[in-house]
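Keep the structure open while you read.

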Amino acid sequence: MTDAKPPIDFWFDFSSPYGYLLSEKIDALAAQYGRKVRWHPILLGIIFKATGSAPLTQQNPAKASYSLHDFSRSARFMGVPYRHPSQFPLATQNAARAYYWLHGQDCALARQFAHATFRALYVDDRDISSPDTVLDIAGQLGVDREALATALQSPEIKERLKDEVDNAIKLGVFGSPYVLIDGEAFFGADRLPQIEHWLKTGSF
């Protein structure tokens with residue numbers, strides 16, 4: 001009996017278009033090579049402050065224009081539905097807290113919630129910064145709204161998210177999506193072919 005292969009770690013912010021694109025592909029790809037993926041929602045605002053960076057659309061006009069074009073082009077290339085949100089970027093702490101609370105009870109349900117939240121933002125243009133929207137998304141998956149509403153304000157869940165962000169910074173995470181496989185880091189949805197090659201060969 002062989003040991004299970006170590007999981008892949010996937011850091012992302014729900015406000016990251018490239019994070020959304022990779023989220024639609026990473027689990028299925030990992031499963032082809034006998035891997036599981038650990039999802040880590042983080043807050044890019046805190047990451048950017050720690051690293052002295054800023055969202056792509058807020059750096060300079062040329063980069064902002066290119067990025068907005070590339071979000072949609074990359075989505076078409078990857079075959080993922082995409083509509084750029086009318087509010088962007090936006091706060092995602094409520095969605096991230098909800099994910100970690102759900103993950104503490106049911107990992108599969110937390111994953112369903114993450115997908116539903118990403119699609120709510122990038123397909124349906126819903127305001128996921130709103131606690132009510134987060135509760136609606138979770139409620140559609142059968143989650144107890146009242147219990148989740150309480151959890152979103154709990155010190156324990158707030159601390160869990162803070163710990164995840166702090167740990168990401170310590171590990172060198174500087175943006176979204178950021179993937180770590182066997183100690184090797186890959187940044188960006190466009191690294192998916194390299195991720196697949198690494199999983200197939202072990203290194204290159």
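Which residue just after α9 takes a positive phi? G172 does, at about 95°. Keep in mind that the model is predicted.

## Helix α9

Helix α9 covers residues 155-170, 16 residues in total. From its first C-alpha to its last, α9 reaches 22 Å. That is close to the 22 Å expected at 1.5 Å a residue.

Five names make up the buried set of α9: I157, L161, E164, V165 and A168. Viewed down the axis of α9, the buried residues fall within an arc of 95°, so they line one face of the helix. An α-helix has 3.6 residues a turn, so residues three or four places apart point the same way. The face of α9 turned away from the buried side carries P155, E156 and K170, which are exposed.

What covers the buried residues of α9? The cover includes two strands, β1 (8-12) and β2 (37-41). It also includes the helices α3 (44-51), α5 (93-103) and α8 (145-152).

## The sheet

An open sheet is formed by 4 strands, in the order β2-β1-β3-β4. The pairing is mixed. β2 and β4 stand at the edges, each with a single partner strand, so one side of each has no neighbour in the sheet. From one strand to the next, the twist averages 20°.

How do β1 and β3 pair, in what sense and over how many bridges? They pair in the antiparallel sense, over 3 bridges. Strand β3 spans residues 178-181. There, Y178 is the bridge partner of W11.

H40 sits in strand β2. Is H40 buried or exposed? H40 has a relative accessible area of 12% and is buried, because the cut-off for buried is under 20%.

E164 is itself one of the buried residues of α9.

F187 lies in strand β4, residues 184-187. Its relative accessible area is 37%, and F187 is partly exposed.

Not counting residues up to four places away in sequence, F187 touches F174, G175, S176, P177 and Y178. Y178 is also the bridge partner of W11.

F187 and Y18 are 169 residues apart in sequence. In space, C-alpha to C-alpha, F187 and Y18 are 9.8 Å apart.

Conventions: Residues numbered from 1 in each chain as written. Predicted model: local features only at pLDDT ≥ 70, side-chain atom pairs only at ≥ 80, totals over all residues. Heavy atoms only, no water. Expected span 1.5 Å × (residues − 1). Buried < 20%, exposed > 50% of the residue type's maximum accessible area, 1.4 Å probe, protein only. Arc of directions from axis to C-beta. Contact = heavy atoms within 4.5 Å. Pairing = 2+ DSSP bridges. Axes fitted to C-alpha atoms, helices over the stretch in contact; angles between N-to-C directions.
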